[in-house]
Amino acid sequence: MLISLITALTPSIPQPPVTDAMPKLPETIFNIFIFIPLGIALALAVRKIVKGQGPVLLYCIIGGALAATMEPVVDVLGLVYLKEVNALGTFTILDRTMPLYICFVYPWYVGGLGYLASRLFRRGVTTRDLFLLWAIDCVVDIFLETPGILAGTYLYYGHQPFNFWGFPLWWGFVNPVMPMIAGALLYHIVPKLRSGWKLLAVIPIIPMADGIANGAAAWPMWAVLNQHDVSYVWTHLAGLATLGLSLFCVWIIGQAVARPADQASGETLGQKFKGLITGAPVPQPTASTPTTTVDA
């Protein structure tokens, strides 16, 4: 009976264009484009270990690699198809074979940016900083995805809202929440892990953050997109709901990591980023800021 029900429902759900072939030259260029930030993140992780600053960044990258297993799930629910014919395939979940670039992007986008967010939170952020960080990550996500879409390595299908050049912007609302949640979890948990083998707990934190972010903010789109011939009115309303939930997630993160404006260092978000890059002294922490000897 269950099989009959699934068979009856399947035709009503939009299906991907599985016969579309991966263009080889754009795939190669996109693989290189996506690998560059991963290569930088790996080099920084090794440098931190050599300098005795701990393996947290490396563990975040490993956790990001594991988070890539979430991609087929959100692809099926969010109606995106990563072309498989003639592609350099890797792992298969839910009958979706992931191309190589997926294994490159998750380690640095979810893991590496999650680590960066945790360091930023330790330096001290306000709720305003967090909303600005979300907007910056949104732009990063658009810049990241657009070349692959325009080159034809993957596509979004169905009645996607806010889809102006092939990239539905609601994905850009949700994706930045992943590293921000990862950063908030790292901010609070790493100081309690101290060092040694306990730090391995960092690894599952990253895929957990991925799942939390998508489940918390993307569910209105999942529910609406997977209907037969759904109206663009409903998908746009669901897109606005997803935007609202994404911003609500940022506000919730702020309740966990943000400092009141009168307790902040007075640095702008740009100055905080510069301080992380240059190694400038961290402003004096308040009593609410976790302290640890581990480079979190």
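Predicted model: local features only at pLDDT ≥ 70, side-chain atom pairs only at ≥ 80, totals over all residues.

**A salt bridge, a cavity and a pocket**

Q: Which residue forms a salt bridge with Glu-27?
A: A salt bridge is a side-chain nitrogen of Lys or Arg within 4 Å of a carboxyl oxygen of Asp or Glu, and the structure holds one. The closest N and O atoms of this pair are 2.7 Å apart, and the partner of Glu-27 is Lys-24.

Q: In which helix do Glu-27 and Lys-24 both lie?
A: Helices (H or I, at least four residues) and strands (E, at least two) are DSSP runs numbered from the N terminus. Glu-27 and Lys-24 are three residues apart, about one turn of the helix. Lys-24 is partly exposed, with a relative accessible area of 40%. The helix that holds both Glu-27 and Lys-24, residues 24-50, is H2.

Q: Which element gives the largest share of the lining of the largest cavity?
A: On a 1 Å grid over the protein atoms alone, a cavity is a set of points where a 1.4 Å probe fits but cannot get out, a pocket is an open set with protein on both sides within 12 Å along at least five of seven lines, and lining residues have an atom within 4 Å of a point. The structure holds one cavity of 30 Å³ or more, and about 310 Å³ of space lies in the largest cavity. Of its 22 lining residues, those closest to the centre are Glu-71, Ile-102, Val-105, Tyr-106 and Glu-145. Elements that give two or more residues to this lining include H2, helix H4 (71-78) and helix H6 (127-150), but the largest share, six residues, comes from H5.

Q: What volume does the largest pocket have?
A: Of the 34 residues that line the largest pocket, the closest to its centre are Ile-40, Leu-44, Gly-112, Leu-116 and Ile-277. H2, H5, H6 and helix H12 (269-278) each supply at least two residues of that lining. Taking a volume as the space filled by probe spheres set on the points, which are joined across faces, edges and corners, the largest pocket has a volume of about 1,000 Å³.

How values were computed: Residues numbered from 1 in each chain as written. Heavy atoms only, no water. Buried < 20%, exposed > 50% of the residue type's maximum accessible area, 1.4 Å probe, protein only.
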